[in-house]
Amino acid sequence: MHLTAGRTRTALAIAATALAVAATLTALLALPGPAGAAAGTPPAAGTKPADPKPASPPPRYVALGDSYTSAPFVGAPAGAPVGCDRSLNNYPHLVASAIGASLLDVSCQGATTADVSSPQPVSDGVNPPQFDALRTTTTLVTIGIGGNDIGFADIVTTCASLTPGGTPCRDHYTAGGVDQLAARIAATAPKIAAVLAGVHARSPSARVLLVGYPAILPATGPGCYPLQPFTPGDAAYLRGTELRLDSMLAEQAKSAGADYVDSYPSTFGHDVCQPPRLRWIEGVVPTMPAAPVHPNALGERALAGAVLATLDRGGS
């Protein structure tokens, strides 16, 4: 049967309207209903939408530690006293930014385990006991401490050699048949345990991370004399000493129910012997803003990455 042109246009308009209505109904039925309702089922009459879930408060993060945490000269100063040499680019600030935490960074260059519980004199005043920053409401604590307890600065100065031969560093610290650095590390272990116990007592709900020290010398080989003034013969002794320190920290973290942040392997290939563009730990004479034999901005970023990776793995 043949339709007139007017009837054809009317029929097409009706068909288009029907399709639009069908599409609208399909879209409405696809909207989710209340919890437990079948897909596409309209909400029951009188049902109130679920209240939005309240936002969780930001993590309350406290950072404790020495200069590997405070990061002298790496960025703009952060907080008082200025003599603590805290940087806005240190790993606590980077971690806090990444997880949206409120941060109280009380790390301080030169700090030992004693300075966590006692005031620490610095060039422009006193850094209060680092424990004072902890609260029962603190939810995250990182701690980077122990290197100054074994005499880090003294080791660097003593082990720097004017000549490439022999093992002057090892000879000095093992004179008399006793490895003085190994003994210092053993003596520091109970002090680390006391710091961790003090953190848990003051912030019982906090997740606690003990941060180890990054790779200062290459993982293998004789070092890079004269680029760095440690003889090839002493490289293995110095490397072994740092590994012993990190191993002790890992053991203490495990014993205290804290998480250990192993930054050593994540910094392989970025030690003091690398060219500046690859170097994350500056040498005796820094080529980037940092204290001697300390992480630069890239090193602090690597430490932050190691902390974040540990957080992502869940608690111990």
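**Figure 1. The disulfide of Cys84 and Cys108.** Cys84 and Cys108 are joined by a disulfide, with 2.0 Å between their sulfur atoms. The model shown here and in the other views is predicted. The link of Cys84 and Cys108 is left-handed, with -85° about the S-S bond. Cys84 sits in the loop between helix H2 (67–70) and helix H3 (91–99), and Cys108 in the loop between strand E2 (102–105) and helix H4 (114–117), so the bond ties together parts 24 residues apart in sequence. Cys84 and Cys108 are buried.

**Figure 2. The disulfide of Cys159 and Cys169.** The sulfur atoms of Cys159 and Cys169 are 2.0 Å apart and form a disulfide. This link is right-handed, with 45° about the S-S bond. The pair links distant parts of the chain, ten residues apart: Cys159 belongs to helix H5 (residues 152–159) and Cys169 to helix H6 (residues 168–173). Cys159 and Cys169 are buried.

**Figure 3. The disulfide of Cys224 and Cys273.** Cys224 is joined to Cys273 by a disulfide with an S to S distance of 2.1 Å. The torsion about the S-S bond is about -80°, so this disulfide is left-handed. Cys224 is found in the loop between strand E6 (207–211) and helix H8 (232–256), whereas Cys273 is in the loop between strand E7 (259–261) and H9; the pair therefore ties together parts that are 49 residues apart in sequence. Both cysteines, Cys224 and Cys273, are buried.

**Figure 4. Pairing of the bonded cysteines.** The structure holds three disulfides: Cys84 with Cys108, Cys159 with Cys169, and Cys224 with Cys273. When the bonded cysteines of the protein chain are numbered in sequence order, the pairing reads 1-2, 3-4, 5-6.

Figure 5. Glu300 is part of helix H9, which covers residues 297–312. Glu300 is buried but has no salt bridge. The nearest side chain of opposite charge is that of Arg301, 10 Å away. The side chain of Glu300 instead reaches a backbone atom, the nitrogen of Tyr91, at 2.8 Å. Apart from neighbours within four places in sequence, the residues in contact with Glu300 are Tyr68, Thr69, Ala71, Val74, Asn89, Asn90, Tyr91, Leu94 and Pro295.

Conventions: Residues numbered from 1 in each chain as written. Predicted model: local features only at pLDDT ≥ 70, side-chain atom pairs only at ≥ 80, totals over all residues. Heavy atoms only, no water. Helix = DSSP H or I, 4+ residues; strand = E, 2+ residues; numbered from the N terminus. Buried < 20%, exposed > 50% of the residue type's maximum accessible area, 1.4 Å probe, protein only. Lys, Arg positive; Asp, Glu negative; His and termini not counted. Salt bridge = Lys/Arg side-chain N within 4 Å of Asp/Glu carboxyl O. Polar contact = N/O pair within 3.5 Å; in protein donor to acceptor, adjacent residues only side chain to side chain. Contact = heavy atoms within 4.5 Å. Disulfide = S-S within 2.5 Å.
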